[in-house]
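Hi,

Here is the structure I said I would pass on.

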Amino acid sequence: MSVFSRLRNGIPPSRDDCQSPYERLSQRMLDISGDRGVLKDIIREGAGDTVTPDASVLVKYSGYLEHMDKPFDSNCFRKTSRLMKLGEDITLWGMELGLLSMRRGELARFLFKPTYAYGTLGCPPLIPPNATVLFEIELIDFLDSAESDKFCALSAEQQEQFPLEKVLKVAATEREFGNYLFRQNRFCDAKVRYKRALLLLHRRLAICEEQHLVEPAELLVLLNLSFVYLKLDRPAMALRYGEQALLIDQRNAKALFRCGQACLLLTEYEQARDFLVRAQKEQPCNHDINNELKKLSSHYRDYVDREREMCHRMFAPCGSGSSVGRN
């Protein structure tokens, strides 16, 4: 029975009837701030570790005011989400506390009291004073950038004091950052991250007993660098890093493919064919490799036709009207 029906029939309203929607929702939510200022309800469980302080997070979120169906703020309609650093890009105290409780892939609903949201003044004209707000947040991924940045700021001698496990972790983080930037088409920034990762790994290659552990990580970074230089239209550098990858794994199809692409751009057709045929041998059904071979064949035919035409013009017999001047 609704609250209005109760009143019409002389029945006093129940406790639930006197509560707002957010107050009713809060009763089944977990207190993560200790003072019920930030309440959480998990919609979908995540996996792995929780977000670390100072991490950079990739999230989708929507913020709602009570009694409103449309969000006052959301990034769910953007084509691409951007990494946001805790303590810098995220300004709501409640959101930062909420994210620190989340795991990758988790989807959760939060209630932020004014102290943890927009305060006593609100944020006119959208947010009224003393507003409790609801946020739905999905944690897509996070990267522990603070650990990586601190480690990279150390001297080479200081870095050598750390165990290999630490170096591999930091290099992997740098590569993940590069991959994120690559997906955002920020190729120059991605190149910087990949090179930082490669420098860290190269310093450990001098230790012979660690080489077999470092090389798999180095191979991935070299493949990334070869690809990003192709995107930057610098095929000579792409070839250089692709060939370095082949020194680690001479049958690596991706490395052979990148080298073939680079040679095609450099108009080194014979060399391009050699790399691409070797790549096709490793992965016969790879459409990208097969399409690149077709592209090479077309470019090579055009090249041969141009060369034939040039030779024809150079060695064609002179016309009957031409003559050689005499002294």
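I'll start with the helices: α4 and α6 cross in the left-handed sense. Before you read too much into any of this, bear in mind that the model is predicted. The two axes, α4 over residues 145-152 and α6 over residues 164-183, come within 9 Å, with a crossing angle of roughly 115 degrees. An angle from 65 to 115 degrees counts as roughly perpendicular, so that is how α4 sits relative to α6.

Who makes the contact? On the α4 side you'll find Ser145, Glu147, Ser148, Asp149, Phe151 and Cys152, and these meet Lys166, Val167, Lys169, Val170, Thr173, Glu174 and Phe177 of α6. Sorted by class, the α4 contact with α6 has five nonpolar and five charged residues, plus three polar ones.

Then there is strand β4, residues 56-65. Nine of its 10 residues are buried, leaving the strand mostly covered.

β4 has these pairings:

- With β9 (residues 133-143), β4 runs antiparallel and is joined by 10 bridges. Tyrosine 61 has isoleucine 137 of β9 as its bridge partner.
- With β6 (residues 84-85), there are two bridges, again antiparallel. Here valine 57 stands opposite methionine 84.
- With β5 (residues 73-74), the pairing is antiparallel over two bridges. Serine 62 is partnered there by serine 74.

Cheers

Methods:
Residues are numbered from 1 along each chain as its sequence is written. This is a predicted model: local features need pLDDT of at least 70, side-chain atom pairs count only at pLDDT 80 or more; totals for chains, interfaces and linings use all residues. Side-chain values use heavy atoms; hydrogens and water are left out. Buried means under 20% relative accessible area, exposed over 50%, partly exposed in between (1.4 Å probe, protein chains only). Helices (H or I, at least four residues) and strands (E, at least two) are DSSP runs, numbered from the N terminus. Two strands pair if DSSP finds at least two bridges between them. Axes are lines fitted to C-alpha atoms, for helices over the stretch in contact, and angles run from 0 to 180 degrees between N-to-C directions. Angles under 35 degrees count as roughly parallel, over 145 as roughly antiparallel, 65 to 115 as roughly perpendicular and the rest as oblique. A crossing is left-handed if the near helix is turned anticlockwise from the far one by less than a right angle, and right-handed if clockwise. Contact means heavy atoms within 4.5 Å. Ala, Val, Leu, Ile, Met, Phe, Trp, Tyr, Cys and Pro count as nonpolar, Asp, Glu, Lys and Arg as charged, and the others, Gly among them, as polar.
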